[in-house]
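Please walk through this structure with me, one element at a time. We start with helix pairs and end with a single side chain.

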Amino acid sequence: MNPRVHLCLLRPVRSLIGIASIACVAFGAGHALFRLDWPTSRLLGLAVTLPLVIGFYLGGAAHEPMHRPFILLLPDGPRRLRNATALAVLFFAAVVTGLAAWAAPRVPLSAVFGLAAGLIAFPCADRRHRARGFAWLLAAPLAWGLFCALAALLLRPAMISAPAAFCFGGLALAAASLLYGFSRQNLRARAELPFRPLQSLLIPVRTDAAQLERESSCQRAHSVLGRDWNVKKVAPTTLAWMAVDRHAESGAYPRWSRSPMLLLWAAIMAVYFGLPLLGFLFDGKAFAADYGACLAQLAANRVDLSQVPSASRLAGLMTSMSSGMPPLFALIVALSFPIPKLTYPISRDRQARVVYGLMLLQLAIALFVPASALFLASLVGQIISNRFLPALGLPGVSALMVPLLVLLPLILSIVPFARSYWRLIGYIISIVLFNYLNDLRWLWIPFALTPLGVAGILILAAAGLELLRRRLLRHYLSCDLLGSSGLGNFMGFAMN
Amino acid sequence: MNLSPDSAPFVAENVTKSYPGHLALDALNLEIPAGHVVGLLGRNGAGKTTLIHLAAGLTLPSTGTCRTFGTPTARLDSPELGRLGLVQQESRFIEWMTVRQHLDFTASFYANWDRDLQHRLTEALELPVDRKLAVLSAGDRQKVGILLGVCHRPAFLLLDEPMSSLDPIARTDMLDFLLERLRDDGCTVLISSHLLTDVEKIVDWVVFLKAGRLVENSSFDALQESFAEWTVTAPEGGLPAAFAEPYVLSSQGQDRLARLNVRTRDPAAIERFARAHRAEVKARPLSLDEMFPLLTIPGRDPS
């Protein structure tokens with residue numbers, strides 16, 4: 001295959017951004033979460049995490065044409081695609097080995113090369129029989145974390161003592177993955193199935209919408225029968241039309257566990273509650289002390305990870321992320337609302353009010369979930385560690401709630417709704433702005449707890465919400481009601 | 001024909017609709033006459049779907065004003081939307097629902113949803129009501145779209161390529177239904193379709209668009225009367241290669257025999273032409289299919 005064609009399929013800019021961002025998070029989190037020493041952490045990152053991330057991008061580039069029926073008609077197409085992918089696997093394995101020579105000098109390079117090649121090629125063997133983007137996104141970090149925890153102690157010594165096994169084992173894994181992934185039988189199974197590569201998942205483009213629609217349709221065709229709608233006549237109220245929209249979005253899921261929206265919030269809850277719980281279970285009192293200190297720090301000041309002992313980075317990270325991540329999720333979810341999927345016989349004004357109501361609902365959930373997760377974690381931690389922890393009191397709650405209440409409506413009233421690229425740029429700027437302002441909360445928390453401060457925050461929040469309401473009303477008076485729905489869909493998970 | 005805005009369910013005044021790098025409609029002035037079946041015709045990209053979306057309020061004009069039932073389309077509310085029906089070529093559905101669930105869901109939005117009509121059409125169109133929309137064929141999806149658009153008995157029905165995926169029997173049923181609606185309720189129908197032989201059976205008014213501009217807006221009878229194919233026979237020969245008469249749109253033929261497409265409302269034109277060319281002229285009215293290229297191909301200006 002012409003290298004330019006393969007490069008085009010790989011979408012190099014998107015891939016580089018994606019690989020760099022995922023790898024950075026993985027490197028940092030590996031060190032912080034599992035308290036690995038730096039050489040082991042670097043080796044794990046270079047020989048395992050980075051190759052796997054590259055592999056998913058490379059596999060995505062190969063799978064994308066394989067999931068289109070025309071691939072079966074191209075003379076010798078699959079073989080050429082496989083050969084091009086094999087070359088790319090060897091190239092990237094060599095790059096990773098070069099990096100390892102610099103970052104992990106004592107580990108034999110042949111072992112790194114073999115392991116990297118095997119892991120880069122491994123995602124090519126992934127055989128998708130049905131769409132499962134969202135579940136995969138949730139499962140991957142958990143699987144990765146589990147692997148890190150188990151492999152951290154064994155990987156480095158094993159690679160040093162048996163480099164040949166890693167080298168040949170890895171190359172054999174690469175060959176098997178490529179042969180299996182590109183086999184004729186696999187190709188036939190893939191051709192009719194929807195698929196989106198990671199390149200499209202993290203940075204959305206308009207052209208992915210049709211594929212997304214197909215995937216969503218395919219997924220729903222296989223889902224269980226949805227709930228019946230028993231309303232005879234929808235009342236002319238905003239609340240009634242909110243219920244209509246929610247039924248259209250989530251009525252397909254008869255049990256709460258099937259709704260991706262609830263799953264998303266449950267996952268956030270699990271991370272903020274579940275991960276500290278692991279810390280309490282495995283590290284007992286030491287973790288409890290650090291976690292308590294972080295909670296206190298969160299309430300009184302910003303959490304400065306450099307000031308937290310490395311043994312409790314997890315606690316620091318959790319508490320720090322508790323105030324930063326939910327608003328970002330809330331932003332994504334809220335932005336998925338601007339255009340409903342169906343055209344309802346209601347005025348544009350009413351539709352704006354429905355969307356506004358749904359955004360308020362998301363804000364309320366975003367306020368409730370992290371606060372309750374932290375509170376529960378500290379409560380359970382007290383019981384497990386048999387040590388008093390400062391329960392999440394008013395300062396902590398305000399540290400979580402105030403940025404959401406004040407900043408999120410303001411940001412939502414600025415972010416462009418209309419075009420996906422502008423929306424994406426606005427979204428990125430919003431994230432930076434939000435985190436920056438959020439980091440300055442140590443300036444306003446002492447003031448926020450005075451009666452005057454509370455009044456001021458409530459006035460600011462009301463003003464922000466009013467701005468958002470007016471912005472939505474203005475937007476709906478001039479927007480087209482035909483486009484696909486919001487950013488959430490483009491991000492790869494339909495907000496059902 | 002000049003209609004007051006009150007009697008026209010849709011009025012566009014000097015409407016331009018532009019998208020980045022593309023002008024969909026250009027300074028369009030149009031009134032859809034009430035109680036007629038109006039054929040909205042034109043080539044791909046002429047602006048038909050944009051006009052239908054404008055009438056439904058799904059898109060808004062870049063400049064100019066659109067009014068549906070006398071209300072600016074940005075301000076359409078439940079009373080107007082309840083009287084408006086829209087059937088699109090590829091309707092957006094809630095895919096996880098079965099046909100029955102979707103019909104029940106949509107029925108709850110309208111005060112005057114006609115269950116009898118729903119059942120009658122469901123049976124006539126042989127719709128599998130217990131199947132999910134996600135697994136329906138293109139034809140069945142279009143049938144569902146038709147049901148969702150008509151069962152609330154709209155006073156103004158917008159049909160955008162409503163029959164493109166239907167089989168001939170379903171198409172006939174659909175045409176019968178439209179004629180029945182017109183007879184019973186006096187509903188105004190604006191239909192855009194490339195199936196001109198079908199459209200011809202039901203329309204009594206036609207609107208032609210060419211590259212976003214209005215090129216024809218008249219009753220179908222008047223249009224048919226003005227267009228004709230003339231077969232010209234000159235026993236002595238001497239027919240010119242090109243005819244100078246302004247109403248001759250195109251010609252094919254040789255010295256003794258020519259076939260012309262003409263547009264004229266002058267009943268005496270045929271006699272004058274015969275005398276001038278010393279020829280015998282036989283006239284035949286044109287079908288919509290035959291008129292279509294004369295009205296829409298760039299470079300031909302039949303007006």
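This is a predicted model: local features need pLDDT of at least 70, side-chain atom pairs count only at pLDDT 80 or more; totals for chains, interfaces and linings use all residues.

Residues are numbered from 1 along each chain as its sequence is written, chains are lettered from A and ligands numbered from 1 in the order in which they are written, and side-chain values use heavy atoms, with hydrogens and water left out.

Begin in chain A. Helix α4 (residues 77-103) of chain A packs against helix α5 (residues 109-121) of chain A at an angle of about 140°, and their axes lie 8 Å apart. Helices (H or I, at least four residues) and strands (E, at least two) are DSSP runs, numbered from the N terminus. Axes are lines fitted to C-alpha atoms, for helices over the stretch in contact, and angles run from 0 to 180 degrees between N-to-C directions. α4(A) and α5(A) are therefore oblique to each other. Angles under 35 degrees count as roughly parallel, over 145 as roughly antiparallel, 65 to 115 as roughly perpendicular and the rest as oblique. The contact (heavy atoms within 4.5 Å) includes A:Val89, A:Phe92 and A:Val96 of α4(A) and A:Val112, A:Phe113 and A:Ile120 of α5(A). By class, this contact has 15 nonpolar, 1 polar and no charged residues. Here Ala, Val, Leu, Ile, Met, Phe, Trp, Tyr, Cys and Pro count as nonpolar, Asp, Glu, Lys and Arg as charged, and the others, Gly among them, as polar.

Now take another pair in chain A. The axes of helix α14 (residues 348-385) of chain A and helix α18 (residues 451-478) of chain A come within 8 Å and cross at roughly 140°. Among the contact residues are A:Arg348, A:Asp349 and A:Tyr356 of α14(A), with A:Glu466, A:Arg469 and A:Tyr476 of α18(A). This contact divides into 12 nonpolar, 2 polar and 5 charged residues.

Turn to chain B. How many residues of strand β7 (residues 156-160) of chain B are buried? The count is 5 of the 5, so β7(B) is largely enclosed by the rest of the structure. Buried means under 20% relative accessible area, exposed over 50%, partly exposed in between (1.4 Å probe, protein chains only). B:Phe156, B:Leu158 and B:Asp160 point one way from β7(B), while B:Leu157 and B:Leu159 point the other way. Strand β6 (residues 84-87) of chain B runs parallel to β7(B), joined by 4 bridges. Two strands pair if DSSP finds at least two bridges between them. B:Leu86 sits opposite B:Leu158. Strand β8 (residues 188-192) of chain B also pairs with β7(B) in the parallel sense, over 5 bridges. There, B:Leu159 faces B:Ile191.

Next comes an open sheet. Its 4 strands follow the order β12-β13-β11-β14 (chain B), with antiparallel pairing. At the edges are β12 (248-253) and β14 (280-285) of chain B, each pairing on one side only. The twist averages 20° from one strand to the next. Helix α10 (residues 288-296) of chain B packs on this sheet and touches β11 (227-233), β12, β13 and β14 of chain B. The direction of α10(B) makes about 100° with that of β11(B).

Finish on one side chain. B:Val144 lies in helix α5 (residues 138-150) of chain B. At 1% relative accessibility, B:Val144 counts as buried. Leaving aside residues up to four places away in sequence, B:Val144 touches B:Phe93, B:Val99, B:Leu127, B:Leu133 and B:Leu136. B:Leu127 is 17 residues from B:Val144 along the chain, and their C-alpha atoms are separated by 7.7 Å.
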